[in-house]
Amino acid sequence: MKLLDRYIIRNFVEPFLMCFCGFIAIWLIIDLNDNHQDFLEAHASLKQVTGYYLTQLPSTILFSMPVGLLLALLSSLSAMSRRNEIISMLTAGRSVLRVLAPVLCIGALAAGTSLWLNWELAPHAEGIKKVAMKQIRRRKQAGEVEPVNGHLFRDRLNDRTWFVRRFLPGYSEFDDVHIMQQTPEGKITRKWYAKHAIYEASTKTWVLENGMIVDFNEAGDIESTDSFSNGVRKISGWTETPWRVSSSQLDPGNLSIPELQDYMRYNSDFPAAQLAPYRTNLADRWALPISCLIVVLVAAPLGIVYNRRGVLAGVATGIFIFFAMMLTRYLFLALGKGNRIDPTWAPWIPDIVFGSVGLVLLWFRSTNRDMPSLSLSMFKKRKSK
């Protein structure tokens, strides 16, 4: 690494750490202000509170990263511009792209880190947050799993409907199971009742305990019954797994990339409108980290200015574009989840639009052209013509 690169990185790191840590501290203060009464009423220990906030760090870091990059780049590059250091680098024969190469590499590194967090840790943090607060309020042990009661699952691929009275997420045992087999036309052909249903993953077999099997004829009347109230029945060949049966009640915003991929694979027969939130969130897991690199593409050329008036205009423009990018992202996420536009492309549209804006700004700066202006004087001139 050359001396120039080390100098630019050193000027960037200090404001980045200040902005990044400051944003996390603000979030911590706000969240503590919202939840401190619950902590006090539940007599939560320091260990519980610390564990609660440690689980939230991945999602907080994920959303703090672009803000820290934006403010740090605008601060460090505009400061170097005011001291004429950028001009000195350019007059020494360095191009704008060469000067910005270290920060572009930092943006790529930040995007990779965000992707790692968004792969599993950050999505799970939201789900853990809701469960952890319930456990603290109810004075339960941390990590204690909440049961799901009265769950209904429809397997359209095999025309089977499951009703489970109670189960624990993540476990392979269901209580009070009612399974109904139907024809493609909707006629019931067989029903299984069991006090317990246990899935053996090694053999991909369901073990039904203390129950009954009832067969129906074409008229819908009972044809035969097989009671095994004191025994078990093993059923193999079913494609349903405990995760697939329980996944229909999962929040797509709390699922990791592998879990969303499994959901799409196992539930591909679901209606498009029902799958839209899962497809949108899966695409957003990949699109969101790219925003770090886009922030660098937008902020870096705006941070390089050649006069004092340009500093304020560049900073204001950079902040405006960033908030416009965030608002546009949430808008297109909502459109994708509502199946108004293609869910696979919805999260990528803001990245494509503002990435193009960043490349245009970088081209203007690297070719030493004046940045496009939307001043009132332009409109007045056009109006006079």
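Two strands pair if DSSP finds at least two bridges between them. Helices (H or I, at least four residues) and strands (E, at least two) are DSSP runs, numbered from the N terminus.

This is a predicted model, in which local features need pLDDT of at least 70, side-chain atom pairs count only at pLDDT 80 or more, and totals for chains, interfaces and linings use all residues. Residues are numbered from 1 along each chain as its sequence is written, and side-chain values use heavy atoms, with hydrogens and water left out.

## The sheet

Strands of a sheet pair through backbone hydrogen bonds, either parallel or antiparallel. Here six strands make an open sheet, in the order E1-E2-E3-E4-E5-E6. The pairing is antiparallel. Strand E1 (148-155) and strand E6 (222-236) are the edges, and each pairs on one side only. On average, neighbouring strands are turned by 15 degrees against each other, direction ignored. Axes here are lines fitted to C-alpha atoms, for helices over the stretch in contact, and angles run from 0 to 180 degrees between N-to-C directions.

Start with strand E2 (residues 160-167). Seven antiparallel bridges link E1 and E2. Asp-155 has Arg-160 of E2 as its bridge partner. On to strand E3 (residues 173-182): E2 pairs with E3 over seven bridges, again in the antiparallel sense. Which residue of E3 stands opposite Arg-160? That residue is Gln-181.

Next come strand E4 (residues 188-200) and strand E5 (residues 205-216), joined by 10 bridges. Ala-194 faces Gly-211 of E5, and Trp-192 stands opposite Ile-213 of E5. Then E5 is joined to E6 by 11 bridges. Glu-209 has Val-232 in E6 as its bridge partner.

Is E5 mostly covered or mostly open? E5 is mostly covered, with nine of its 12 residues buried. Buried means under 20% relative accessible area, exposed over 50%, and partly exposed in between (1.4 Å probe, protein chains only).

| Hairpin | Residues between the strands | Residue and its positive phi |
|---|---|---|
| E1 and E2 | four residues | Asp-159, near 55 degrees |
| E2 and E3 | five residues | Gly-170, near 95 degrees |
| E4 and E5 | four residues | Lys-204, about 55 degrees |
| E5 and E6 | five residues | Gly-220, near 90 degrees |

## Helix pairs

Two packed helices are described by the angle between their axes and the distance between the axes.

Take helix H1 (residues 3-41) and helix H2 (residues 46-82). They pack at an angle of about 140 degrees, with axes 6 Å apart. Their crossing is right-handed. By class, the contact has 26 nonpolar, eight polar and one charged residues. Ala, Val, Leu, Ile, Met, Phe, Trp, Tyr, Cys and Pro count as nonpolar, Asp, Glu, Lys and Arg as charged, and the others, Gly among them, as polar.

Now helix H6 (residues 257-266) and helix H7 (residues 272-303). Their axes come within 10 Å and cross at roughly 145 degrees. This crossing is left-handed. A crossing is left-handed if the near helix is turned anticlockwise from the far one by less than a right angle, and right-handed if clockwise. H6 brings Ile-257, Leu-260, Gln-261, Tyr-263 and Met-264 to the contact. Residues of H7 in the contact include Tyr-278, Arg-285 and Trp-286. By class, the contact has eight nonpolar, three polar and two charged residues.

## Single residues and one more helix

Ala-42 lies in the loop between H1 and H2. Its relative accessibility is 9%, so Ala-42 counts as buried. Ala-42 and Pro-102 are 60 residues apart in sequence, and 49 Å apart in space, C-alpha to C-alpha.

Ser-114 sits in helix H4 (residues 96-137). Why does Ser-114 count as buried? Because its relative accessibility is 1%. Leaving aside neighbours within four places in sequence, Ser-114 is in contact with Leu-62, Met-65, Pro-289 and Cys-292. Contact means heavy atoms within 4.5 Å.

The expected span of a helix is 1.5 Å times one less than its number of residues. The 19 residues of H9 should therefore span 27 Å, and its end C-alpha atoms are 26 Å apart, which agrees. The buried residues of H9 include Pro-350, Phe-354, Leu-361 and Arg-365. After H9 comes Asn-368, with a positive phi near 60 degrees.
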